[in-house]
Amino acid sequence: MSAPALDQHAILQAYADAAVAARDELTRLDQLAGDGDFGDNLREGLAAVRAGIEAAPGEPAFRTGAQVFLDEVGGTSGPLLGLLLQSVAQALGTAGAAGDERHAFADGVREGLAAIQRVGEAEVGDRTLVDALSPAADALAEGAGYADVARRARQGALDTADLRARQGRASYLGDRAKGAPDAGALGVALLFWAVARVAEPDADLGDPVAFVSP
Amino acid sequence: MDRLFLPTEGVDASLRGFARAHAGLVELHEDPTYLLARERHPDRRVGIVSGGGSGHEPMHAGFLGRGLLDAAVPGRVFASPHNRQVYEAGKAVAGPDGVLLVVKNYTGDRINFGIAAERLRADGVEVRRVLVDDDVATESEETGTGRRGTGATPVVEKLLGAAADSGLGLDELAHLGERVVAASRSLAVASRAQTRPADGGPAFELPDGELEYGVGIHGERAQRTVSYEGLEHLVPRMVSDVLDSLERAEATGDDVLLLTNGMGATTLLELYTVHDAAAGALEERGLRVAAQAVGTLVPGLDMAGFSLTVTRLRDDWLDLWRAPAVTPAFPAPTDIPAGTPTGSPAPVEATR
């Protein structure tokens, strides 16, 4: 029995729709600890990705998404998401049609996590998107289904509420940022929500707003 | 009139003017913005890319050219460039051994150059980074961000450029860069803040007779102000703080390079006066000023003040410093009296 196909186009469409729905909640959370622009950056970045995919329908959608996030999205989280998509696109592309897609996806997420950690010099527990990405990579390595991967990513993101930031803008606030989860981490978890939505449509993960709400 | 002659929309016009003025040496690329040296030594195996916010001219574009940088990536005033600029510049100048990124230690630069490095690696280009963190004033901060990158940057870039021309590989160059950084420290003072580009006001207020001791190149306030009681007190104190930091880093060597740098609005008449005092203070500590430069190389817009950078020289670093470079603004060493033997020949072929 082969794993369900990862339809890259459908995943990024679902992610873009989810970012529109979750925008207000992500903005509210980011205002508590950051500068409040993450919800808009994610929504607008994914709108640009949608346009990019339509303009280049022959390209793998993750590759287009990576390019848009890296080249056009402001802030720090957007380009870092671009690095994740770039690694996943590369791993899926290398695996080819005959390869094991689930393993390739897991490898891509693992490599994306490594790249993001090299760039951001962030460890698990620093209250960044690494706190969502790392448990997702672990779950994938353990062979978990995509819905469980999304749940683990969500839990990692929610657990940042108890963490003090060492990197990023929230680091200036010290303990004052505690109590609310990191919006960037939830935004990354939402990507895995979209993956599960497409690859395992029967799984019950709730709607995007509930998914990013503490 | 307290204002800068700068358009509010950014630095594009300045870059175009720079490219016109030095058209024989550099070319400007737009969308994304970066500048390239027109010539490079045929033995160079690694492209050297530097960059950062604008407002520190002539750094970095003024150091483009044979013997020094291959690409410079400017951001807006005091703002990091976008990762795409660094990525495209790196692709444009990558050598057979890849790309070396020279990055000053600021969070934005680290992240944007870091993303560019990952993109270059994804394209199969080898990348290493040299992080410049020389500012003694930020050594004891508890934030974990470490020392800022300031006045030592041109020194690091010059030695790396000369070494790259001798055919050094990427890892060797990165290692050399890390050693030069570890042997270099700087400290800056300001008597007046730079002008804020947005509204023409001073970036910070300083009472008469007070100096900001340990100011950053973006006008970051120092941990303290000191009252000014003459260069004969100020300069030995700065030299002492710089040497103490080098000692903590266990940088040794009796030959030093001294860079006396203007912060933007300080005259050469003043800078040479400061330089005389700084060289004297180093000699009093038993050190020999074997190499030196005086000028406005790393300013913070029009701040009034100066910085001192000391590099303890090792190995063939003096030869690397003296190796020829043809750039718009890097000062050629002219401190070697005629007829003085200068040790082993520079590891690059003669200038043409």
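Start with the largest nonpolar core of this predicted model, which has 178 residues. Select A:Tyr15, A:Ala189, A:Leu190, B:Leu100 and B:Leu159, the residues with the most contacts inside this core. Next, select residues 183-199 of chain A: this is helix 8, which gives the most to the core, with 14 residues. In chain B, colour residues 14-182 and 184-312 separately; these are domain 1 and domain 2, and both give residues to the core, so the core lies between them. As background, nonpolar side chains in soluble globular proteins tend to be buried together.

Now centre the view on B:Leu100. Which residues is B:Leu100 in contact with, leaving aside its neighbours within four places in sequence? They are B:Val46, B:Ile48, B:Arg128, B:Val130, B:Leu160, B:Leu170, B:Leu173 and B:Ala174.

Show the whole of chain B next. Chain B has 8 helices and 12 strands. Its C-alpha trace spans about 55 × 50 × 40 Å along the principal axes. Among the contacts in chain B with a separation of 6 or more, 74% are between residues 24 or more positions apart.

Return to the two domains of chain B, domain 1 (14-182) and domain 2 (184-312). Their centres, taken over C-alpha atoms, are 23 Å apart. The contact between them takes 22 residues from domain 1 and 28 residues from domain 2. To see part of the domain 1 side, select helix 4 (153-165) and helix 5 (170-182) of chain B, the elements that give two or more residues to that side. Helix 4 of chain B supplies the largest share, 4 residues. By class, the domain 1 side has 13 nonpolar, 5 polar and 4 charged residues.

The last stop is where the two chains meet. How many residues of chain B are in contact with chain A? There are 9, and they are in contact with 12 residues of chain A. Select helix 2 (83-93) and helix 3 (107-122) of chain B, each of which supplies at least two residues of the chain B side. Helix 3 of chain B gives the most, with 6 residues. The chain B side divides into 3 nonpolar, 3 polar and 3 charged residues.

Definitions and conventions:
Residues numbered from 1 in each chain as written. Chains lettered and ligands numbered in written order. Predicted model: local features only at pLDDT ≥ 70, side-chain atom pairs only at ≥ 80, totals over all residues. Contact = placed C-beta atoms within 7 Å. Domains from an automatic or database assignment. Nonpolar A, V, L, I, M, F, W, Y, C, P; charged D, E, K, R; others polar. Core = buried A, V, L, I, M, F, W, Y, C linked by C-beta atoms within 7 Å. Buried ≥ 20, exposed ≤ 12 C-beta atoms within 10 Å, placed from the backbone.
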